[in-house]
Amino acid sequence: MSDSASAGEIKLAPEDGGRDRLAGPAYWLAAFMGSAGVLLTVNQTFNLHLFGQPIIDTSFYYLLLGLFLSLAFLAYPARKADRLAIPWYDWALFAATILATGYLAWHGGRIVAEGWDLAAPTEAIVVAGIICLLALEGVRRAGGLVLFVLCAVFAVYPMFAGDMPGFLWGPSSGLAETLSAHGMGVESIIGVPMRTVASLLVGFLVFGSALVVTGGGEFFMALAVALMGRTRGGPAKVAVLSSGFFGSLSGSVISNVVTTGQMTIPTMKRVGYPAHYAGAVEACASTGGALMPPVMGAVAFIMAEFLNVPYSTVMLAAVVPALLYYGALLLQADHYAARNGLKGQPAAEIPPLLPVLKRGWHFLFSLGLLTYLLLVMKQEALAPYIATAVLIGTTIVFGDKRFGLAGLRDLAIDATRNIVNIVAILAGVGFIVGSLSYTGVGGAFSRELLQFAGGNIYLLLILGALTSFILGMGMTASACYIFLAITLGPALIGGGLNPIGAHLFILYWGLISFITPPVALAAIAAASIARADPWRTGIWAMRLGLINFVLPFLFVLNPTLILIGTPLQIVHDVATACFAVWLLAAGLEGWLYGIGAIGWASRLLLIAGALGLLVPGIATDLIGLGLLAVVYLGNLLWRRRAAI
C-alpha cells in the first residue's frame, strides 16, 4: 500500500509487460480478435455451431493460433527500442501469422485425412516452415531468451537425432519431414499444450481477467489487510495471502511479484522488516501461487491432460501441500515479527472487515461457485464461463464499480493479453513435446534414469529433484513442467510412485529455482522492488521456502498428504505434518510460543523434531514430540533457575 492510501482505498500496481504498445488501432484490433478467439473457443467447447458447419479440431487449433500468436508480435517488442511503438516488421509478422494459420486452418480436413504431417504438398511444407519460425520468434518475445534457445534446439533436434550418442539417439528426419511434423502434426505446435489452452485455459484466463477488471484484486488485497493487517508483522502475512491468491489465478511467478510486490514490500519495510526479508517473503509467496488451488495457473490443467484425469483430481491432491507451504510462510513471518518486536500496520490503513465483505461478497461467491462446479459438478470446461457470467452479473447489481461497455472492453483486452502470453509460450514449448515424441528420446531418458537408479527409489528421487531444479532455471512454470513431465515423469511412475504425486514432485522442484540462487528469478525481481541485495534476498527466500525442499519427497513417498489413503491415515499424517510445520518455523526463526526467544541448541532440536514428524511412522512421530517436550522443559527449567 502506498503511503497516501487510506483505509479501503487499496490499489494494485499496474503490471508492465510491453502493454503500452497496444494503443490506438492495435488496442481495438486486439480487443476484437481476442473476443473472437474467446467466442470461437466457447463455440467449439459447447458445440454451438455458431458459424454454421462444425469446425474440426485441427482447423480450430490453427484459427486460435492465428488469432492469438499474431497478436504476440504487436504486444511484445522484438527489441527494447521498440518498447513503445509497433514498427512495420511487427505488422508484417502479424499478417504472416494470420495468412499462414489461415491456410492450414482452411486445409485442416486434408491435413488429417491425407497425413500431411508425414507427406505434404510443397506449398504446405513452406507454410509449416513459416509457422515454425513464427512460433520460435513468439516464444522468444513472450518467454525470454533461455526458453527460446531450448525450444530452438528441440525444433531442429529431429534432424540430428541419428548422430547423437547413447539415449539421446533417435531416428533422424529431413528438413521437410521435420517442418511437416512440427507444423502439421498433432504432437508439436498444436499438441498437448495448445489443446489444453483451447479446451480449458481460455475460460480460466477469462475468469481471472474478470476478477481483475471488476475490482476483485483490490477486494482480496483489502480482505487480507482487514484479516491480518493488525497482527504483529501483519504486512508480511498480507503478502503471503494476497500473493497466494493472485498467483493461483495467473500462474506467473514474476508477474505476481511485480504486481503485488509493488504494494506489499514497501509496507513490510515500513513496519520494520529488513528489505531483504520483505523481498524474500514476497518471492516465496508468489512462487507458491502456481501450487495453490483452486486454479493453480496453467500448470494444473496441463497436468490433468498428461495424466488423463479430471482437473478436480489434481486440484484436490494439491490442497494439503499448498496449505502446508503457505502455513510455513505465515508462521515464519509471525515468529520473526515476535522475535524482533514488529507490529502491525497503523489502524488508519486497515479497512474494517465487515464493510470490506459487504462490498465484495460477490467475489467470494463467484470463486466459491467456481470451486463447486469443479469439485462437485465436475464441469471443468463449463465452470469458468458460468463463474465469469455470475461475477459480471453480481458486479453490475451489487458492486461498487460500474460495469458497462467500458468494463467489457477492459475485460476483452485484459483477457486477450493473458491468452496471447500463454499461447505464444506454449506454441514454442510444443517443439519440445514434439521432438521428444517423434524421436523417442523422452522414453529413452526415462529408461536410462531408471537403470542408473538401479531400483533405488530414493536415488531416483534425488536425481529427479536435481534434474527438475536445473531444468527449471530461467523457464516459466508451465514450460518447465511440460518438459519434465515428458522426460522425468515416466521414470518416476515407472519406479512405482503414485502418478499424481510424481507429477506434483517435478512441479515443486521445477519451481524451487525461482527462490534459490544462483538463478532465483522471483527473489531478484522482489529485491529490485525492495532495493535489497539480490543474493542476500535469494538466500533468505531459500530459507523461508525450506519446507518446499522437503514436501515433494514426503507426499510422493507418502500419498496420504495428497489425500490418497484411508481417512484415518490421512487425518493422522496431515495433522502431524501441520505440527511439523510449526516446529520448523519455530526452529528457523528462533521463537517458541509460551517461551519466547530460544537459543541455537533449542532451534536445532526443534528442526530435528520437525523432520521426525514429517517422516511417516509412529516411532518418528514420538521422537519429534519428545524433542519438542525436551525443548519446552529445558527452557522452562533454565528460566526458573535464572530467576532464582
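User: Are H19 and H22 parallel or oblique to each other?

Analyst: Two packed helices are described by the angle between their axes and the distance between the axes. In this predicted model, local features need pLDDT of at least 70 and side-chain atom pairs count only at pLDDT 80 or more, while totals for chains, interfaces and linings use all residues. Residues are numbered from 1 along each chain as its sequence is written, and side-chain values use heavy atoms, with hydrogens and water left out. Helix H19 (residues 457-472) and helix H22 (residues 499-512) have axes that come within 7 Å and cross at roughly 45°. H19 and H22 are therefore oblique (under 35 degrees is roughly parallel, over 145 roughly antiparallel, 65 to 115 roughly perpendicular, the rest oblique). Axes are lines fitted to C-alpha atoms, for helices over the stretch in contact, with angles from 0 to 180 degrees between N-to-C directions. Helices (H or I, at least four residues) are DSSP runs numbered from the N terminus.

User: Which residues of H19 and H22 make the contact?

Analyst: Contact means heavy atoms within 4.5 Å. On H19 the contact residues are Leu-461, Gly-464, Ala-465, Ser-468, Phe-469 and Gly-472; on H22 they are Phe-505, Ile-506, Trp-509, Gly-510 and Ile-512.

User: How many aromatic pairs are there?

Analyst: A pair of aromatic rings is described by the distance of the centres and the angle of the planes. Rings of Phe, Tyr and Trp (its six-membered ring) pair if their centres lie within 6.5 Å; planes under 30 degrees apart are stacked, over 60 edge-to-face, and the rest tilted. The count by this rule is 27 aromatic pairs. Among them, Trp-88 and Tyr-89 are edge-to-face, at 5.7 Å centre to centre and 80° between the planes. Phe-301 and Tyr-311 are stacked, at 4.4 Å and 15°. This second pair links distant parts of the chain, with Phe-301 in helix H13 (residues 299-307) and Tyr-311 in helix H14 (residues 311-340), 10 residues apart. Tyr-273, Tyr-277, Tyr-336 and Trp-540 form one aromatic cluster.

User: Is Trp-88 buried or exposed?

Analyst: Buried means under 20% relative accessible area, exposed over 50%, and partly exposed in between (1.4 Å probe, protein chains only). Trp-88 has 68% relative accessibility and so counts as exposed. Tyr-89, at 24%, is partly exposed. Phe-301 and Tyr-311 are both buried.

User: What does Ala-586 touch?

Analyst: Ala-586 lies in helix H26 (residues 567-589) and is buried at 0% relative accessibility. Not counting residues up to four places away in sequence, Ala-586 touches His-335, Trp-591, Leu-592, Ile-598 and Leu-606.

Conventions:
Helices (H or I, at least four residues) and strands (E, at least two) are DSSP runs, numbered from the N terminus.
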